[in-house]
Amino acid sequence: MPPTATAPESRTQSESLDQLASVAVNVGLGLKPGQELVMTASVDTLPLARRITEQAYRAGASLVTTLLTDDESTLLRYHHAPDASFDRAAKWLYNGMAEAFKSGAARLAVAGANPNLLSNEDPDKVGRANRALSLAYRPALELITRHQINWTIVAAATPAWAAAMFSNDAPDEALAKLWTAIFFTTRINTPDPVSAWKTHDAELHKRAAILNQKRYSALQYRGPGVDFRLGLADDHEWLGGGTTAGNANYCIPNMPTEEVFTTPHKDRADGTVTASKPLSHQGTMIEGIQVRFEHGRIVEARATRGQEVLQKLIDTDEGARRLGEVALVPNSSPIAQSGLVFFHTLFDENAASHIALGQSYSSCLRNGDKLSPEELAAKGANTSLIHVDWMIGSPQLDIDGITATSATEPLMRKGEWA
Ligand code: ZN
Ligand code: ZN
């Protein structure tokens with residue numbers, strides 16, 4: 001049973017939270033009656049996580065298992081654990097998650113991390129812990145990047161995240177502002193969020209279909225600090241909005257989502273790219289990223305802040321220096337229109353065109369889910385332990401599509417669809 005329909009402006013906070021939980025479970029996740037759900041959340045997100053649990057059971061979930069993390073406990077590890085701790089991860093836990101996915105469970109992540117949590121910690125420890133976590137998480141992540149299961153990510157406002165975004169406001173006010181921003185960008189403050197999502201999803205599919213008809217071989221980017229040509233993978237498919245997962249359940253993986261995206265060719269990126277927004281990566285902030293690509297590989301990388309973390313990130317493995325995703329987002333997206341920097345990829349990547357270092361999505365290649373790793377690589381799909389999106393779109397960015405016959409067509413002008 002969905003929460004009662006009331007006009008958005010007269011909804012209480014509690015009603016809006018129920019709406020968000022219901023939309024996350026029924027539209028984002030597409031949970032099926034009898035399906036198990038594995039949810040990850042932090043203790044600070046419990047007000048939403050508990051409502052998601054309720055909505056999941058109302059939708060017929062057979063079992064909801066929530067794995068909770070706690071920021072304070074994470075910091076205790078950095079302050080008191082022996083050095084060897086930072087090469088460890090709970091492999092048994094992620095193997096268990098992979099097993100749950102293989103036996104039919106859906107996956108929901110409640111985001112809400114403090115973007116600065118690890119900013120003052122030793123970058124070497126942060127880098128090693130991230131790498132160990134990526135390695136341990138790989139079997140579970142693979143089922144997600146291959147879209148074998150229905151999954152989604154939804155955000156909850158948390159005090160630390162709100163403080164990072166609204167540093168001039170009192171804590172209560174900051175938290176309220178962040179909730180308002182979340183309800184706005186996830187279309188919860190519309191009279192009928194479910195139908196708003198259906199319309200939006202259809203628009204993203206239409207946009208992807210147009211790009212699939214064009215079959216561009218490459219994209220050419222020009223803007224402040226950006227002079228960059230990016231080849232697309234052979235047989236690439238643009239996706240946007242929801243997809244039918246390998247377990248036959250339809251899901252919309254991110255809430256919000258504004259992007260249409262595909263797989264670039266791992267060997268065909270050349271030129272210079274400058275990030276248009278700071279990147280919050282696993283609790284550390286990386287600002288002013290500028291990298292130069294040659295034949296798909298980063299040969300020079302700089303950041304004005306967090307340089308060491310960036311270096312560690314691209315040294316994770318060979319694929320971490322190459323691109324696994326290219327996404328187009330117009331500047332008119334609600335997230336961009338909010339004028340806020342969220343310091344959170346889930347939001348910021350939906351405010352601006354972006355590229356991602358690392359692992360590609362095989363679902364962005366024709367019949368990609370049926371191809372072997374060797375076949376995927378032959379088409380230009382990248383593999384890595386990491387997948388990190390960073391924003392390059394801005395109101396000054398122009399993008400051209402290059403056709404198979406080398407003709408140039410305007411695709412985006414000043415950050416908008418041409
Ligand atoms: Zn993306
Ligand atoms: Zn991505």
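A salt bridge here is a side-chain nitrogen of Lys or Arg within 4 Å of a carboxyl oxygen of Asp or Glu. Keep that cut-off handy for the exercises below, which use a predicted model.

**Exercise 1.** Find out which residues make up domain 1 and domain 2, and how far apart the C-alpha centres of the two domains lie.

*Solution.* Start with the domain assignment: domain 1 covers 8-185. Domain 2 is written as two segments, 214-239 + 257-417. Next, take the C-alpha centres of the two domains, which lie 24 Å apart.

**Exercise 2.** Work out how many residues of each domain are in contact with the other, and what area is buried between them.

*Solution.* First, go through the contacts: 36 residues of domain 1 touch 34 residues of domain 2. Then turn to the area, which comes to about 2800 Å² buried between the domains. Carbon and sulfur atoms give 62% of that.

**Exercise 3.** Track down the salt bridge across the interface of domain 1 and domain 2, and count the residue pairs in polar contact.

*Solution.* The rule finds 1 salt bridge between the domains. Now look at Asp-124 and Lys-312: their closest N and O atoms are 3.8 Å apart, so the pair passes the 4 Å cut-off. For polar contacts, the count between the domains is 10 residue pairs.

**Exercise 4.** Say which element gives the largest share of the side of domain 1 that touches domain 2.

*Solution.* List the elements that give two or more residues: H5 (123-145), S4 (151-155), H6 (159-165) and H7 (171-185). Helix H5 gives the largest share, with 12 residues. Finally, sort this side by class: 21 residues are nonpolar, 11 polar and 4 charged.

Technical notes:
Residues are numbered from 1 along each chain as its sequence is written. Chains are lettered from A and ligands numbered from 1 in the order in which they are written. This is a predicted model: local features need pLDDT of at least 70, side-chain atom pairs count only at pLDDT 80 or more; totals for chains, interfaces and linings use all residues. Side-chain values use heavy atoms; hydrogens and water are left out. Domain bounds come from an automatic or database domain assignment. Contact means heavy atoms within 4.5 Å. Buried area is the accessible area (1.4 Å probe) that two parts lose on being put together, summed over both. A polar contact is a pair of N or O atoms within 3.5 Å; within protein, one must be able to donate a hydrogen and the other to accept it, and residues adjacent in sequence count only if both atoms are side-chain atoms. Helices (H or I, at least four residues) and strands (E, at least two) are DSSP runs, numbered from the N terminus. Ala, Val, Leu, Ile, Met, Phe, Trp, Tyr, Cys and Pro count as nonpolar, Asp, Glu, Lys and Arg as charged, and the others, Gly among them, as polar.
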